[in-house]
Amino acid sequence: MFITFDLIEPGAYPGQPAAYPPLPTGGWGAPVAPGMPGIGLDNLSNPGFNPGNMPAMPGPGMPQAPGAGYPGGPAPGQPIPGFPQAPAPNPSMPGFPQAPAPNPSMPGFPQAPAPNPSMPGYPQAPAPSPSMPAYPQTPSPNPSMPAYGGGYGGGAPVVPSINRGFRGTIPDFPGADSLKDAEVLRKAMKGFGTDEQAIINLLGSRSNKQRVPLLISYKTAYGKDLIKDLKSELSGNFEKLVLAMLKSPAQFDASELREAIKGAGTDEACLIEILSSRSNAEIREINQVYKTEYKKKLEEAIIGDTSGHFRRLLVSLAQGNRDETETVDISLAKQDAQALYQAGENKLGTDESKFNAILCARSKAHLRAVFSEYQHMCGRDIEKSIEREMSGDLESGMLAVVKCIKDTPAYFAERLYKAMKGLGTKDRTLIRIMVSRSEVDMLDIRQAYIKKYGKSLYTDISGDTSGDYKKLLLKLCGGSD
């Protein structure tokens, strides 16, 4: 039986030589195949080769070679074609480069399967034991405990975060140039009088990250302080609004917290509003800015100006350490709802510490599930229970936390409504919310406002403010609904 090969063009298959080497003559006992040249070994003897030993040589086939030892290959004792890395002509030591020790009962090849004739193995094939397949990344062989990565709380559902795109009203202005913008501001303030409309048009169409660099660009171009120039040209609430828009979010929040603490009396609602609505990262940045700007830790300022359980609530929120995962385990939510019920409605007196621990540490997604379970458990909204069980600053603080977690846009819509209704306007609150939410969720706040109060936020701002102050606020509002 003779095996012949067609010549293969170089590069026909990646990584393969152009052709199998020709069959040697003489030494292996195989004549030259027709049409194939000899390789110059015709006159060399091969004393170590004895065809009689062939039956004792196991013949697992070599990778990519035609059947030499597999079913359908040459019978023992027949001529065996030679390939690169073929066995040396010593029947007692059929070893190969990088092969295992030359044990004639177990010839090995690099990365070759175990020589089990009843179950020839291939790379990534099952191990020779059919009762225990071992594939990469398969479950463990114990069916009662599969080894897959994790669920939470026994297969709890995961609530995916919903990305609805940009929900603010002041997006980045395409192609904004801070030096050109600084020139616009300089022209608006240069000479006799001030062009307030130019300032409104510019600041009302630039995002915060495009406004803040104006301070440096202005000083670079004109060697003057933009804030000082604006203060000399503007006044009243319009000035306060413009200056607020030229601070970074963390700088603005830190300055508002500072004013809420150091002013005549403490603005507790401002403290709760900021600390209950900001993310962990935002609160940590506020802490850093506060320490840098005012040479005192925010926590120390809070402790020095508040007391009791309300102080503990603020200190807890100021840590910026709330769980922020989106995973909700209903069984844990039921446990927390039961704990809140036991701490309030179901006991004489109230365990404020339990409310504090749950409301300040759990994730917002988890707490929304807790509030729902609480309603089902005792037939009363968590807000009603807080109103029944608490009083004073602690009551208003806990309520604010719950409202903000339940529905943040609705919470801010209520804050805006209360800032404008009745005699006088709480302009500080109005400015803070309009500036801080204009690039976060102002569109959602507008929707919540008209849904709850039957008129648009734009309309109420228009009726409650005036002049340039009103114009710039309406720019932040972004339109009527």
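Tutor: A salt bridge is a side-chain nitrogen of Lys or Arg within 4 Å of a carboxyl oxygen of Asp or Glu. By this rule the count comes to 25 salt bridges. The model is predicted: local features need pLDDT of at least 70, side-chain atom pairs count only at pLDDT 80 or more, and totals for chains, interfaces and linings use all residues. Residues are numbered from 1 along each chain as its sequence is written, and side-chain values use heavy atoms, with hydrogens and water left out.

Start with Arg432. Arg432 forms a salt bridge with Glu256, the closest N and O atoms being 2.9 Å apart. This pair links distant parts of the chain: Arg432 is in helix α18 (residues 427-437) and Glu256 in helix α7 (residues 249-262), 176 residues apart. Helices here are DSSP runs (H or I, at least four residues), numbered from the N terminus.

Arg432 also meets Glu273 in a salt bridge (2.9 Å, N to O). Glu273 lies in helix α8 and Arg432 in helix α18, so the pair ties together parts that are 159 residues apart in sequence.

Now burial. Buried means under 20% relative accessible area, exposed over 50%, partly exposed in between (1.4 Å probe, protein chains only). Arg432 is buried at 0%. Glu273 is buried at 0%. Glu256 is buried at 5%.

Next, Arg446. Arg446 bridges to Asp481, with the closest N and O atoms 3.0 Å apart. Arg446 is in helix α19 (residues 442-453), and Asp481 is in the segment after α21 (467-477), 35 residues apart. Arg446 is buried at 7%, whereas Asp481 is partly exposed at 43%.

Finally, shared partners. Salt bridges join Glu256, Glu273, Arg415, Arg428 and Arg432 into one network.

Terms used
Helices (H or I, at least four residues) and strands (E, at least two) are DSSP runs, numbered from the N terminus.
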